[in-house]
Amino acid sequence: MLDAKTIEIIKSTVPVLEVHGQTITKTFYQTMFKNHPELLNVFNHANQRQGKQPAALANAVYAAAAHIDRLEEILPVVRGIAQKHRALGIRPEHYPIVGENLLAAIKTVLGDAATEAILDAWAKAYGVIADVFISVEAEMYREAEEKKGGWRGFRRFIVDRKVKESEGITSFYLKPEDGQAIASYEPGQYITVCVKPEGQEFTHLRHYSLSTAPGHPYYRISVKREDAAGDRPAGIVSTYLHSRIGEGDVLELSAPAGDFTLDQTKDLPLVLISGGVGLTPMVSMLETALQSGTKREIVYIHAARSARLHAMNDQIAELARTYDHLRAYTVYETPEAGDSSDKTGYIDLPWLKTVAAADSDFYFCGPVPFMKTVRRALKDWGVPDERIHFEFFGPADSLEDTLS
Ligand SMILES: Cc1cc2nc3c(=O)[nH]c(=O)nc-3n(C[C@H](O)[C@H](O)[C@H](O)COP(=O)(O)OP(=O)(O)OC[C@H]3O[C@@H](n4cnc5c(N)ncnc54)[C@H](O)[C@@H]3O)c2cc1C
Ligand code: HEM
């Protein structure tokens, strides 16, 4: 437990560090990767270059420090981050490395303002925060391993089938190489792929939501190819999976993780809204809800640019024909000749009101502009936060910045 003096120093210096937040974390990452280049095997380089992860980590450390005397209040947030850490294989021995380099960065950026007492207080506070993460993650590693069909770390899976779903999205059906059982998962969870494409110096880790209901002898992920466009380089892992990985190849995966999951205890109408490749967790949730035998009304809305880029359309149309309590809608941004949809342009509140009820449980996932529009519409409609659930395909923290 921290003493009162330390807590006081931490609370009074959080605002100071927040002012220098970005500078401190940039300095921190630069020195940490210089001293420990092996950590470039776990950090996402694109997020680093775009400043997304530095912002996420900085904000999390300050938020935790601001709650240093009542860390239990931020445990749900810690769990969400810990899920990602567990999926990436972050270990207790990594924490002192982050701690030392963060302290050194605080010292460099604050200069003379960083007194012995301040540095000492932050070293202690970081130790307390790190211990919370380490113990939450230890429990998650244990759960993932002890679950039926579960495992620790990365396990080898063979690509059993590779199926094109639309112009940009391809599904990979993955079976364990050892032929043993695989862990079940909650609809909405993701697995993490570890690859080392030819010519790349480091391994690259990426999360992919599972895109079917659980209960199969395989995992299915559906990946959008991130091609180069203008100044933007091609995505490393998605293009590697699309162009280099085929049936019979091996991919290493960590066990399913994530806290964006379908609450199946509710009987309110369920509204699943996706944009582009954000349909992956929604399809898993939809299939699971239908298979559960629930009679709750389900509205499935998918937004795509046009029919060419619309994945799993036939599968969803078939489900809508089979289940009376499912209604499926399509929104095309720029339909092409012959495309048919329920709406063109973007999803908006007046249209949403014609297909769904405000008194529903809403889940959504998609690109940032889409997420902004949907969240704004739900807020304007008066849907309370506890019935708004979303997943963001990037560092969660950067979403708050971009959505607000
Ligand atoms: C929980 C979760 C679930 C996910 N589920 C799915 C899923 O089901 N399906 C799916 O397809 N994806 C999913 N993702 C996204 C996925 O993890 C990857 O982020 C995605 O495949 C891109 O990875 P990449 O290696 O191809 O691109 P990266 O190399 O990581 O690059 C990411 C993007 O940044 C751009 N970029 C790279 N460098 C720069 C730069 N210097 N300046 C500007 N732009 C740059 C790239 O062009 C690319 O568009 C999920 C992510 C999360 C967090
Ligand atoms: C108390 C200390 C730590 C805090 C508060 C913290 C916080 C965070 C946060 C907020 C995220 C973003 C989560 C998201 O994507 O939604 C994150 C991701 C991540 N963290 Fe940590 N972290 C800590 C320690 C560590 C350590 C010790 C390591 C390993 C060296 C680590 C490695 C990573 C990696 C690799 C990611 C994924 C981000 C990416 O590659 O873009 N973290 N962390």
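**Notes on the predicted chain**

1. Starting with the cysteines: the disulfide count comes to zero. Keep in mind that this is a predicted model. For a pair to count, the two cysteine sulfur atoms would have to lie within 2.5 Å.

2. Cys-365 has 0% relative accessibility, so it goes down as buried. Cys-194 sits at 18% relative accessibility and counts as buried too, because the cut-off for that label is under 20%.

3. On to the fold. You'll find 13 helices and twelve strands in the chain. Its radius of gyration is 22 Å, close to the 22 Å that the globule rule gives for 404 residues, so the chain is as compact as a globular protein of that length. Laid along the principal axes, the box filled by the C-alpha atoms is roughly 70 × 50 × 45 Å.

4. How much of the chain is buried? Of its 404 residues, 52% fall in that class. As for what links up with what, take the contacts between residues at least 6 apart in sequence: 74% of them join residues at least 24 apart.

5. Now the surface. The chain's accessible area comes to about 19000 Å², and carbon and sulfur atoms hold 52% of that.

6. Last, the charges. The chain carries 44 positive and 54 negative ones.

Definitions and conventions. Residues are numbered from 1 along each chain as its sequence is written. Chains are lettered from A and ligands numbered from 1 in the order in which they are written. This is a predicted model: local features need pLDDT of at least 70, side-chain atom pairs count only at pLDDT 80 or more; totals for chains, interfaces and linings use all residues. Side-chain values use heavy atoms; hydrogens and water are left out. Buried means under 20% relative accessible area, exposed over 50%, partly exposed in between (1.4 Å probe, protein chains only). Helices (H or I, at least four residues) and strands (E, at least two) are DSSP runs, numbered from the N terminus. The radius of gyration is taken over C-alpha atoms; the globule rule is 2.2 Å times the number of residues to the power 0.38. Contact means heavy atoms within 4.5 Å. Accessible areas come from the Shrake-Rupley method with a 1.4 Å probe; for residues, only the protein chains shown count as cover. Lys and Arg count as positive and Asp and Glu as negative; His and the chain ends are not counted. The place of a charge is taken as NZ of Lys, CZ of Arg, CG of Asp or CD of Glu.
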